[in-house]
Amino acid sequence: MSTTASDPLAALGALPGVPDAVDSVRKAVDRVYGHRVMRRRSNEVTAEAALRGSRGSAALAGADWNLEEVRRRTDFSGDGETRTVGAALRLTAEAGQLLSIWRQSPLRVLARLHLVAAGGATPDDAVGRPRLAGESVDEPLVEAPLPDADEVAGRLEGLSQLIIAGGTAPALVTAAVVHGELLALRPFGSHNGLVARTAERIVLIGSGLDPKSICPAEVGHAEQGRAAYVAALEGYTAGTPEGMAAWIAHCGRAVELGVRESTAVCEALQRGAA
């Protein structure tokens, strides 16, 4: 991601096709927030969105469980898939606690997210910090070239500065860039995908686009499939205007699919079937 312009995120928001994606997402979000169920039962919708978002994020990380299994399970200390689902659930729960810190210290939040995701499964000296030179990364979904530790440190600092400075970029653009940059960098030795998708969630909530966290983009990313997710990410890592626009549009579609999921939850609650 280039940071040479005075407001590079705003510049990305002007790429061909991105304004339409931003507008489509805003209209979709407004529609679900206007649902009559949201007047009195928004907490139930938020809780269900959190569960479904966690399931979607875990699915992209290789643990594609049935929603009811995620809902039923209480012990997440078993095999790799079980721990992945547990990590996704913990991260979703943690996201709402970190909103006030994100705009002042995003790197601190990312460190906390990795600590929560690892949950003791990673050696202590590697938890909660960007990887050092020579350290490996366990992220099988993303096969893009791995930036070295110096590049990771520099780009994380640049991303942090952009977030702290704020700007005029739409929430969707900022969320997509945060998500894409973390996947491209894979700054931690593990759980980078889970952390990246949680960071996207934090941006969408904290920006005011989805303040009640009822539009789980993770659901949409999973629904579009791992192949489409990887292909869109390749556009981001290529750094071309077309590639960046395609990644932002992909993230926008993920939010819209998350809206569709929560709209269905609202309808079920209205019928008394949830």
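This is a predicted model: local features need pLDDT of at least 70, side-chain atom pairs count only at pLDDT 80 or more; totals for chains, interfaces and linings use all residues.
Arg186 is not a glycine, yet its phi is positive, at about 45°.

Ser213 is another non-glycine residue with a positive phi, here about 55°. Its place is in the loop that runs between helix 10 and helix 11 (217–224). Ser213 is buried, and its relative accessible area is 11%.

## The largest pocket

The volume of the largest pocket is about 440 Å³. Its lining is made up of 25 residues, and those nearest the centre are Gly80, Arg83, Thr84, Asp138 and His191. By class, 10 residues of this lining are nonpolar, 9 are polar and 6 are charged.

Three helices each give at least two residues to the lining of the largest pocket: helix 5 (80–95), helix 7 (106–118) and helix 10 (192–206). Helix 5 provides the largest share, with 6 residues.

## The second largest pocket

The second largest pocket has a volume of about 310 Å³. It is lined by 17 residues, and Arg103, Ile163, Thr174, Val203 and Ser207 are the closest to its centre. Two or more residues of the lining come from each of helix 6 (99–102), helix 8 (149–165), helix 9 (171–185) and helix 10.

In the lining of the second largest pocket, 9 residues are nonpolar, 6 are polar and 2 are charged.

Conventions: Residues are numbered from 1 along each chain as its sequence is written. Side-chain values use heavy atoms; hydrogens and water are left out. On a 1 Å grid over the protein atoms alone, a cavity is a set of points where a 1.4 Å probe fits but cannot get out, and a pocket is an open set with protein on both sides within 12 Å along at least five of seven lines; lining residues have an atom within 4 Å of a point. Grid points are joined across faces, edges and corners, and a volume is the space filled by probe spheres set on the points. Helices (H or I, at least four residues) and strands (E, at least two) are DSSP runs, numbered from the N terminus. Ala, Val, Leu, Ile, Met, Phe, Trp, Tyr, Cys and Pro count as nonpolar, Asp, Glu, Lys and Arg as charged, and the others, Gly among them, as polar. Buried means under 20% relative accessible area, exposed over 50%, partly exposed in between (1.4 Å probe, protein chains only).
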